[in-house]
Amino acid sequence: MAKTKRPYKKKTPEQVKEEINHLTEGMEKSIANHFHSPEQMKEYLDFMGKFHRYSPRNTALIDSQFPGAEAVGSYAFWKEKGFPVNKGEKSLKILVPNRLGQQFQNEEGEWKPLKYATKKEKQLVKDGQLDKRDGRLVYSTGSVFDISQTSATQKDLPQIFPNKWIDGQVENYSQLRRGMEDIAEKNNIRIVEPYEELGAAKGVSYTGRGEVALNPRNSERQDTKTLLHELTHAKLHTEENMNDYTKPEKEFQAEMTAYTVASYFKIDTSDYSLDYLHHWTKDHDFKDHEKLLQEVQSTAKEFIMALEESMEQEMEGEKSMDAKEQKHEAEEEKQEREKLPSEKLRDMYRIQVSKSEKDSGPFDKEEKPEEEYSHQDFKEAYKKELMNFIEPTVGKELDKEEKNDRQERLNQMRAFQETHSKEEVYQLKKESLQELKELPLTDRGEQRLSQIESKLDREFHEEKEKESTISEMNEKGSKEAFQQKKNQKEKIGIER
């Protein structure tokens with residue numbers, strides 16, 4: 001039975017203001033005292049020393065395709081490091097120099113590859129009677145990927161890695177996201193897909209269009225912080241007044257607001273925000289620091305009040321829906337129990353299990369060591385797990401009767417899956433599902449079983465497709481070159 005959620009309790013405007021002042025003052029002190037230790041710098045330099053250094057020409061080429069790229073390597077390089085390239089990522093094209101073989105000038109004055117020289121000509125070249133030269137330099141294209149296109153996470157990077165992204169999920173993310181969408185709507189701001197490859201940037205605010213976009217690579221925590229950052233840009237730094245602020249001033253306001261609002265809702269972005277703010281404030285004097293901070297605090301308060309109102313309304317709505325759903329589920333379960341007694345379903349399940357044991361044959365039982373966990377063992381364990389979900393009353397009774405330790409069963413199943421191929425495990429699960437379909441399940445049980453089978457099929461085929469894509473990319477490389485969209489618009493506030 002689903003649990004009802006407590007309504008979200010808003011703080012008073014005075015309490016909100018007090019907490020905002022506390023957060024902004026604390027962050028300002030942290031920025032002033034922020035520095036990188038020699039140990040952190042050494043860790044970063046050691047990390048970056050593992051990557052190939054590209055020529056200025058290739059560096060510019062990489063940045064034009066993937067702005068903000070920092071650590072770049074080939075597909076094979078990332079696979080070897082244990083950070084495979086994420087599905088769907090497009091490779092960055094670079095120029096790979098290749099020197100052709102040496103040439104010599106024959107007696108007729110023609111330049112030819114040295115490998116095609118006759119024995120006599122090679123001797124004349126060796127004696128210095130015929131000129132030779134290095135082969136000309138030609139270029140081919142190669143494919144590389146930035147670390148942000150791989151499975152590497154925040155913890156895999158040095159503490160001071162530039163533009164390090166934030167990992168992790170957010171509690172009540174859907175409510176917070178809906179609240180941020182309400183903020184955007186109230187301020188005539190549209191949340192859109194990016195018009196171009198954002199590269200390592202986490203988000204962007206498009207000047208004059210009243211639009212913001214997020215990098216699809218972001219985690220929930222990164223999306224939350226970045227959307228607050230870009231909404232601040234769109235609200236405070238409009239086309240009419242954008243020239244009233246310097247770039248550092250804009251970034252200071254956007255990140256301080258995002259940090260303050262996120263922290264208020266217990267989303268910790270301090271490590272990321274501290275480095276970001278330090279980068280944009282060091283060696284910069286703001287002409288009116290007090291005015292900038294006042295705008296941060298008033299914007300943060302507006303965002304917080306709007307988010308709290310939205311979350312309170314949504315959670316109250318969910319509470320009402322939960323109560324209705326609980327009543328509806330109770331009525332359905334009652335009808336199903338009347339329609340099909342659980343004892344009958346348990347008996348038929350036992351008959352099916354007994355039949356499976358008989359079909360396995362006496363010789364199979366004699367030859368099977370006691371400690372071996374067989375295919376049939378896995379199927380029966382999987383079926384018991386399914387029964388606990390599709391027919392909870394029956395599943396619990398079966399576990400109680402047989403005194404099974406569910407955690408031990410799950411551990412055995414997990415160990416089995418780790419030592420057998422995905423295809424084999426998938427086939428065994430499909431067989432288990434088919435066997436359960438033969439039982440006289442309730443309507444709800446059949447519906448749940450169908451949902452499980454659909455999810456199983458989808459995840460298996462997605463995994464196979466992913467493996468196929470990775471294999472194809474490894475063999476042939478990506479064939480599609482980066483195409484910048486024609487409708488690229490002027491943008492500000494790119495979070496780098």
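1. Helix H13 (residues 375-390) is mostly covered, since 12 of its 16 residues are buried, where helices are DSSP runs of H or I of at least four residues, strands are E runs of at least two, and both are numbered from the N terminus. Buried means under 20% relative accessible area, exposed means over 50%, and partly exposed lies in between, with a 1.4 Å probe and protein chains only. Among the buried residues of H13 are Phe378, Ala381, Tyr382, Leu386, Met387 and Ile390, and charged side chains such as Lys379, Glu380, Lys383, Lys384 and Glu385 are buried there too. The end C-alpha atoms of H13 are 22 Å apart, which agrees with the 22 Å that its 16 residues should span at 1.5 Å a residue; the expected span is 1.5 Å times one less than the number of residues.

2. This is a predicted model, in which local features need pLDDT of at least 70 and side-chain atom pairs count only at pLDDT 80 or more, while totals for chains, interfaces and linings use all residues. Residues are numbered from 1 along each chain as its sequence is written, and side-chain values use heavy atoms, with hydrogens and water left out.

3. Leucine 428, found in helix H16 (residues 422-437), is buried, with a relative accessible area of 6%. Leaving aside its neighbours within four places in sequence, leucine 428 is in contact (heavy atoms within 4.5 Å) with His375, Phe378, Lys379 and Phe416. Leucine 428 and glutamine 376 are 52 residues apart in sequence, and their C-alpha atoms are 8.5 Å apart in space.

4. For the protein chain taken as a whole, there are 17 helices and nine strands, and buried residues make up 43% of its 496 residues. Of the contacts between residues at least 6 apart in sequence, 75% join residues at least 24 apart. The accessible surface comes to about 29,200 Å², with 48% of it belonging to carbon and sulfur atoms; such areas come from the Shrake-Rupley method with a 1.4 Å probe, and for residues only the protein chains shown count as cover.

5. Helix H6 (residues 173-186) has 14 residues and reaches 20 Å from its first C-alpha to its last, close to the 20 Å expected at 1.5 Å a residue. Its buried residues are Tyr173, Gln175, Leu176, Gly179, Met180, Ile183 and Ala184. An α-helix has 3.6 residues a turn, so residues three or four places apart point the same way.

6. Asparagine 188 lies in the loop between H6 and strand S7 (190-192), and it has a positive phi of about 55 degrees although it is not a glycine. Asparagine 188 is exposed, with a relative accessible area of 68%, and its C-alpha is 8.7 Å from that of glutamate 211, 23 residues apart from it in sequence. Lysine 266, in the loop between helix H8 (247-264) and H9, also is not a glycine and has a positive phi of about 65 degrees; at 70% relative accessibility, lysine 266 counts as exposed.

7. The largest pocket holds about 650 Å³ of space. Of the 25 residues that line this pocket, the closest to its centre are Ile160, Phe161, Pro162, Asn163 and Asp275. Helix H2 (38-48) and helix H9 (270-281) each supply at least two residues of the lining, and H9 gives the most, with eight. By class, this lining has 10 nonpolar, nine polar and six charged residues, where Ala, Val, Leu, Ile, Met, Phe, Trp, Tyr, Cys and Pro count as nonpolar, Asp, Glu, Lys and Arg as charged, and the others, Gly among them, as polar.

8. On a 1 Å grid over the protein atoms alone, a pocket is an open set of points with protein on both sides within 12 Å along at least five of seven lines, a cavity is a set where a 1.4 Å probe fits but cannot get out, and lining residues have an atom within 4 Å of a point. Grid points are joined across faces, edges and corners, and a volume is the space filled by probe spheres set on the points.
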